[in-house]
Amino acid sequence: MARRTGSLLQWSSRVFSVELDGATFYFAIQYKPRGEEAPRLFRKLQHGDTCYSLLVCGSDRIRRAKFYGELRERLLRDLSPHCDLSPMSSFLPNVKDSLIKGYFLKDYSDCSSDTEGLLRDLTRNDPVLVCSYLRGENGLWTQHVWPDSESRSGQYYVVPTEAPEYHPSTLNIINSDVFYSFDEACEVIKKCGDIIPEATSVLELLPKSVQARSKPDFPVIIIEGLDATGKSTLTESLRDTLGAVIMQSPPPCLSPWRARFDQEPPLIRRAFYALGNYITAEQIGQEGMKTPVIVDRFWHSTAAYAIATAVSGPVCNLPPEGSEVYCWPSDLLQPNLVVLLTLDPEERKRRLRNRGQGKTDEEQELDHNQLFRLRVEEAYKRISGPACVTVDASPSTDQVLQQVLLLIRGKCHL
């Protein structure tokens, strides 16, 4: 297995990252020790702790994505309470699509035989690569690739390494967390047909073909922003003022299957919502020949939330401004104007409380994770082609409406 891993994944050239206590720890491996102090992650371990890594491999990315989520549930269910589980990944620095995801396991029980029995069972039939980590008498840590952990071919020394230039998750965003073409998203849902029966119903709703097209005769205005920033109020006011039609993304026709796909791993869930944008675009193209169209969220939301979820930590971990990650899909209808409503976080929370509505998982994450909210807001601002025009939503609803109408008249000549 170690030889196979080395040939397929360039194992000895990889960097490993572990998310622990809100921080990211990196380490590398070498055939021979270099005499350095142990990587920071291993300096945090207590004497007697036993550690393992589980990385989900395999060429079928649908199965890999499904198994990654199922693996976490199984580990949380079957592991001893004396085990801690943390997200982990392995990647080739600055090499796209080289990321493989998994978990780092710390076992601080007196006996690790039950844990090892579970892990060995996983390696029999499932697409998971297990490594154990041991500290020698000389204080050096070694990584042992299963099932060759007893042989020299499966042993590497664990050494420190610098943080990479780009957060490792950015290597895997394109057409995985964010989709940039109809065909790429459609292909994922097609491959889910044998494991998700609802995928067939979704495919039946899709346009027969998608081509880059010119804008409709009437303006298309997108209203973006976090919940409780006033999107619904503004879209309704614009409809009445401009004689426009309101549309939504994801479109209502996908509502029967949203709960089902929300349970799926990011690859499948994001493909589902990406296709929702193309269905909405088809509807926009038809309505936009007759009247102005106001759209409550579109591709900006799909991309901003996906990017902010995929990339952990502070805003500086996001792909840099100008990255292709923020570029509008070439085959998706482009709006004339995108308005991003912003609001002070405390005022937004107050409005949410007053609404008394249940929160989505992403809204709950926005509330208790400030870094996530900051990443979402920054990702919105970095998207280009078209970029968002930011509007402060804290004044009265009429003042916000008048400000947006000025933008529309200047940009869309209405």
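Ser 201 counts as partly exposed because its relative accessibility is 25%; buried means under 20% relative accessible area, exposed over 50%, and partly exposed in between, with a 1.4 Å probe and protein chains only. This residue is found in helix H6 (residues 198-204). Helices (H or I, at least four residues) are DSSP runs, numbered from the N terminus, as are strands (E, at least two). The C-alpha atoms of Ser 201 and Pro 256 are separated by 9.9 Å, although the two residues are 55 residues apart along the chain.

The model is a predicted one, in which local features need pLDDT of at least 70 and side-chain atom pairs count only at pLDDT 80 or more, while totals for chains, interfaces and linings use all residues. Residues are numbered from 1 along each chain as its sequence is written, and side-chain values use heavy atoms, with hydrogens and water left out.

Asn 277 counts as buried because its relative accessibility is 0%. Leaving aside residues up to four places away in sequence, Asn 277 touches Ser 249, Phe 298, Trp 299, Thr 302 and Leu 332, where contact means heavy atoms within 4.5 Å.

Helix packing comes next. Two packed helices are described by the angle between their axes and the distance between the axes. Axes are lines fitted to C-alpha atoms, for helices over the stretch in contact, and angles run from 0 to 180 degrees between N-to-C directions. Helix H9 (residues 266-287) packs with helix H5 (residues 182-191) at an angle of about 130°, their axes being 9 Å apart. H5 and H9 are therefore oblique to each other; angles under 35 degrees count as roughly parallel, over 145 as roughly antiparallel, 65 to 115 as roughly perpendicular and the rest as oblique. The crossing of H5 and H9 is left-handed, a term used if the near helix is turned anticlockwise from the far one by less than a right angle, with right-handed used if clockwise. On the H5 side, the contact is made by Phe 182, Ala 185, Cys 186, Val 188 and Ile 189, and H9 brings residues including Leu 267, Phe 272 and Tyr 278. The residues of this contact divide into twelve nonpolar, no polar and no charged. Here Ala, Val, Leu, Ile, Met, Phe, Trp, Tyr, Cys and Pro count as nonpolar, Asp, Glu, Lys and Arg as charged, and the others, Gly among them, as polar.

Another pair is formed by helix H10 (residues 299-310) and helix H13 (residues 370-382), whose axes come within 8 Å and cross at roughly 135°. H10 and H13 are therefore oblique to each other, and their crossing is right-handed. Among the residues in contact are His 300 and Tyr 305 of H10 and Phe 372 and Arg 375 of H13. By class, this contact has seven nonpolar, three polar and one charged residues.

Helix H3 (residues 61-78) and helix H4 (residues 113-125) have axes that come within 12 Å and cross at roughly 160°. H3 and H4 are therefore roughly antiparallel to each other, and H3 passes H4 in a right-handed crossing. The residues of their contact divide into six nonpolar, one polar and four charged.

Finally, the domain assignment gives domain 1 (11-170) and domain 2 (182-412), with bounds that come from an automatic or database domain assignment. The C-alpha centres of the two domains lie 36 Å apart. Their contact takes eleven residues from domain 1 and 16 residues from domain 2.
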